[in-house]
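Dear colleague,

I am passing on the structure below, and my notes on it follow.

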Amino acid sequence: MPGETTAATIALRGDLHTHTHYSDGAGTVLEMVAGAQELGLEYLAITDHSPRLRVANGLDRPRLERQWQELATVGRSTDVAVLRGIEVDILRDGSLDQAPDVLARTEVVVASVHAGLDSDPAALTRRMVAAVANPHTLVLGHCTGRKRRVDGSWRPSSQFDAELVFAACAMFGVAVEVNARPDRDDPPDELVALAVESGCLFAIDSDAHAVEQLSFLTRGADRAASLGIPPERIINTWPLGQLLSHSQRRR
């Protein structure tokens, strides 16, 4: 996967949104990292959920600290750079669901709305813009919150001022996630086009909750190529040093 870019796909160096058994995933840290190595990835962010998302077994500070210790241990035994990450909930007031000192030590912060997706569009817009403006935010995760139900129908996308949210992402250098899960494909095509037009950066992520789901990254790369996202604006095509420098740009 690393290396050349073709018309068919976009070469990605890493995955910035994955889950383990620490929250609502099925795989261990070691299993997820081994899966990433099998795919030829150079880096992998482990981004389990934050405390208030109890339905997903979100990590409080002590559990997150224990996980980070394990990430360091596993990272010493592999060629894959294992990054300290978190998928942090965007709270009702636009703040992030983790203490600032913890976020300051986190290499990849994916900020996502999980609750209140049916909120008033103006309120949801303010909430998302506040999260994007937070200096710790690197990626805006699955921004519409849409999801395919078991019967094949879609949970409706949340409604917000996408022009304003994407303008904020472009201003603050926050990447709009193209979530590669087949039950998400979020944002929809028309919003991806708007984000490209708005000058946004992007992150193509698997949002894997099991080892085999890491392969979603390939379908995400194919989708990004088909939608005309410039590869140089996809932050997980960047070398690790450039990615980490960008992550620290406003801290």
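Which residue caps the N-terminal end of α4? That residue is D120, which has a side-chain oxygen 3.1 Å from the backbone nitrogen of A122.

Please bear in mind that this is a predicted model, in which local features need pLDDT of at least 70 and side-chain atom pairs count only at pLDDT 80 or more, while totals for chains, interfaces and linings use all residues. Residues are numbered from 1 along each chain as its sequence is written, and side-chain values use heavy atoms, with hydrogens and water left out.

Helix α4 covers residues 121-133 and reaches 18 Å from its first C-alpha to its last, close to the 18 Å expected at 1.5 Å a residue (the expected span being 1.5 Å times one less than the number of residues). Its buried residues (under 20% relative accessible area, with a 1.4 Å probe and protein chains only) are L124, T125, R127, M128, A131 and V132. Seen down the axis of α4, these buried residues fall within an arc of 165°, so they line one face of the helix. Among the elements that cover them are β5 (139-140) and α5 (162-172).

The backbone also deserves a look in two loops. In the loop between β8 (175-179) and α6 (189-197), which holds P187, the peptide bond from D186 to P187 is cis, with omega near 5°. D185 is found in that loop between β8 and α6, and its phi is near 40°, a positive value in a residue other than glycine; D185 is buried, with a relative accessible area of 14%. N57, in the loop between β2 (43-46) and α2 (61-75), has a positive phi of about 60° although it is not a glycine.

Note on methods: Helices (H or I, at least four residues) and strands (E, at least two) are DSSP runs, numbered from the N terminus. Buried means under 20% relative accessible area, exposed over 50%, partly exposed in between (1.4 Å probe, protein chains only). The arc is that of the directions from the helix axis to the C-beta atoms. Contact means heavy atoms within 4.5 Å. A polar contact is a pair of N or O atoms within 3.5 Å; within protein, one must be able to donate a hydrogen and the other to accept it, and residues adjacent in sequence count only if both atoms are side-chain atoms.
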